[in-house]
There are 2 protein chains.
Amino acid sequence: MGIAFVKGHGTENDFVLLPDPDGRLSLTPELVARICDRRAGIGGDGVLRVTPDTSGAAEWFMDYRNADGSVAEMCGNGVRVFARYLVSAGLTEPGDLVIATRGGVKQVRAGLEGDVTVDMGIALFPDTDDIKVKVGDRSWSAVAVDMGNPHAVVLVDDLADAGPLHEAPSVDPAFPHGVNVEFVSRLGDGHLAMRVHERGVGETRSCGTGACAAMLVAARRARAAPPTSYVVDVPGGRLTVTHREDDHVELAGPAVLVAAGELSDSITG
Amino acid sequence: MGIAFVKGHGTENDFVLLPDPDGRLSLTPELVARICDRRAGIGGDGVLRVTPDTSGAAEWFMDYRNADGSVAEMCGNGVRVFARYLVSAGLTEPGDLVIATRGGVKQVRAGLEGDVTVDMGIALFPDTDDIKVKVGDRSWSAVAVDMGNPHAVVLVDDLADAGPLHEAPSVDPAFPHGVNVEFVSRLGDGHLAMRVHERGVGETRSCGTGACAAMLVAARRARAAPPTSYVVDVPGGRLTVTHREDDHVELAGPAVLVAAGELSDSITG
């Protein structure tokens with residue numbers, strides 16, 4: 001047996017963590033794809049290599065790769081699972097911690113158990129024209145939100161209105177690098193439900209930046225003094241999004257470690 | 001950490017093996033479903049509990065459960081992965097071995113590496129009327145084969161003819177307990193390609209009994225003296241099916257162990 005791994009998920013956004021305390025693991029796109037294969041591998045939305053940060057900004061660096069092996073900058077649910085692992089493995093003290101990512105240094109709060117919270121930074125509202133989202137013969141107006149990645153948020157009365165979402169909704173005008181589309185309905189005061197179609201992936205169980213975008217748009221559309229904190233129910237669980245006074249957006253939710261073990265030679269080659 | 005597990009697959013039909021040498025594990029349907037959940041668990045088409053056979057017929061009993069937690073009798077790819085584990089873990093000598101299942105005692109041949117072969121028994125050809133299989137506006141004649149489970153085999157020129165197979169093909173007359181539908185094309189002498197829609201599941205990467213049924217129908221339709229052994233390419237890999245002189249059907253193919261470790265309390269509760 002070879003490489004050690006831990007599997008974990010945040011609201012069913014799942015990852016294979018590869019502890020690499022000596023920075024020795026060389027991750028090829030092929031190896032990442034083999035690990036993330038849901039049938040011939042462990043399966044996951046991505047790999048999180050856990051390795052010391054060499055920039056000096058943090059103790060640990062999250063080397064995040066998409067399931068297809070490509071390099072990715074950041075992932076809200078991924079960094080929460082990463083923090084849960086650091087605390088659980090005793091690699092850092094519980095409480096406030098910083099984690100280096102390709103998308104910058106992230107502030108995270110993780111106790112010994114319970115939700116893990118990450119500061120997702122400040123959202124931008126691009127000054128776009130009216131955005132129209134279409135699924136089949138239905139269409140809606142959407143609001144663009146930039147959380148480091150692009151979102152188009154549609155407020156609907158009933159999440160079922162968006163249909164099966166097998167295919168990407170058509171968005172007009174088109175976004176140059178594609179867009180994640182969130183359908184959001186209000187369940188009560190400070191309580192939303194959301195479905196998301198992630199660009200290049202399809203409908204997913206959860207999307208951390210999408211939940212943040214959904215919350216911000218819902219709060220703008222709410223009465224004069226909306227709650228600063230919303231519960232956002234996604235298919236894979238429940239997130240909490242808080243719009244802080246300093247304009248930063250915080251994402252909180254469960255981060256669970258499912259199993260730990262070693263990959264066999266059939267994967268590591 | 002708690003329950004030990006091994007993940008393995010045979011032509012991408014994947015399983016979570018639970019070594020239980022003392023017969024102590026109590027598998028509830030809920031626990032099986034949590035383990036087989038591809039995002040919040042390890043993920044697999046089913047669980048194979050590895051436990052001593054108490055009937056005296058074999059050393060080991062394959063306690064097979066479907067991913068939804070229901071009890072299942074047998075699985076051709078499952079028993080091959082089960083045998084690979086027994087040999088790999090040193091729980092049995094490599095070579096010819098017997099494994100007890102709810103579908104009877106199975107004869108298996110597993111070396112220290114390479115393909116694993118299982119005797120799938122004798123097929124029955126139910127004396128059914130003409131069977132018609134329809135996908136969209138296309139329809140074909142099919143041949144019924146009973147491998148312990150029911151199959152309807154359609155010979156086509158091109159596997160793409162069956163279309164996306166998102167939904168179950170309609171079969172007329174209907175089978176009382178549903179039917180697996182195989183689309184089979186001839187690639188050469190003793191060489192087939194197959195796609196399968198498994199009842200209650202959808203299109204899958206592989207189906208051991210389906211490959212056997214496909215081979216038998218192709219051989220019947222071939223020239224006077226067809227090969228007794230066919231290579232059957234499935235989306236998840238390559239199987240070999242042999243029709244022996246004693247009328248038994250043998251299924252051979254890769255069986256791979258992917259990883260080993262322990263499940264955390266988040267799954268085992």
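Strand β1(B) is largely enclosed by the rest of the structure, because six of its seven residues are buried. Buried here means under 20% relative accessible area, exposed means over 50%, and partly exposed lies in between (1.4 Å probe, protein chains only). Strands (E, at least two residues) and helices (H or I, at least four) are DSSP runs, numbered from the N terminus. The structure is a predicted model, in which local features need pLDDT of at least 70 and side-chain atom pairs count only at pLDDT 80 or more, while totals for chains, interfaces and linings use all residues. Residues are numbered from 1 along each chain as its sequence is written, chains are lettered from A and ligands numbered from 1 in the order in which they are written, and side-chain values use heavy atoms, with hydrogens and water left out.

Strand β1(B) has two partners to describe. Two strands pair if DSSP finds at least two bridges between them. β1(B) and β18(B) run antiparallel and are joined by six bridges. Within this pairing, B:H9 has B:V256 as its bridge partner. β1(B) also pairs with strand β2 (residues 13-19) of chain B, again in the antiparallel sense, over five bridges. There, B:G10 stands opposite B:N13. The hairpin of β1(B) and β2(B) has two residues between the strands. In this hairpin, B:T11 takes a positive phi near 45 degrees.

Chain B also meets chain A. The contact (heavy atoms within 4.5 Å) takes 24 residues from chain A and 24 residues from chain B. The size of an interface is often given as the accessible area lost when the parts come together. Buried area is that loss, taken with a 1.4 Å probe and summed over both parts. Chain B and chain A bury about 1,900 Å² between them. Carbon and sulfur atoms account for 52% of this area. On the side of chain B, B:R38, B:R39 and B:V258 supply 35% of the area buried against chain A, more than any other three residues.

Polar links cross the interface as well. A polar contact is a pair of N or O atoms within 3.5 Å; within protein, one must be able to donate a hydrogen and the other to accept it, and residues adjacent in sequence count only if both atoms are side-chain atoms. Between chain B and chain A, 19 residue pairs are in polar contact (both at pLDDT 80 or more). The elements of chain B that give two or more residues to this side are β1 (4-10), β18 (256-263) and α4 (265-268). The largest share, eight residues, comes from β18(B). The residues on the side of chain B that touches chain A divide into eleven nonpolar, five polar and eight charged. In this grouping, Ala, Val, Leu, Ile, Met, Phe, Trp, Tyr, Cys and Pro count as nonpolar, Asp, Glu, Lys and Arg as charged, and the others, Gly among them, as polar.

Strand pairing crosses between the chains too. Strand β18 (residues 256-263) of chain A pairs with β18(B) in the antiparallel sense over five bridges. A:L263 stands opposite B:A259.

Salt bridges come next. A salt bridge is a side-chain nitrogen of Lys or Arg within 4 Å of a carboxyl oxygen of Asp or Glu. The structure holds 38 of them over all chains. Four lie across the interface of chain B and chain A. In one salt bridge, the side chains of B:R39 and A:D14 meet at 3.4 Å, N to O.

Within chain A, A:R102 forms a salt bridge with A:D63, with the closest N and O atoms 2.6 Å apart. The pair links distant parts of the chain, 39 residues apart. A:R102 lies in the loop between β5 (95-101) and β6 (104-110), and A:D63 in strand β4 of chain A. A:R102 is partly exposed, with a relative accessible area of 33%. A:D63 is buried, at 1%. The side chain of A:D63 also makes a polar contact with the side chain of A:R49 (2.8 Å).

A second salt bridge joins the side chains of A:E250 and A:R109 (3.7 Å, N to O). A:E250 lies in strand β17 (residues 248-253) and A:R109 in strand β6 of chain A, so the pair ties together parts 141 residues apart in sequence. A:E250 counts as buried at 13% relative accessibility, and A:R109 as partly exposed at 39%.

Terms used
Buried area = accessible area lost by both parts, 1.4 Å probe.
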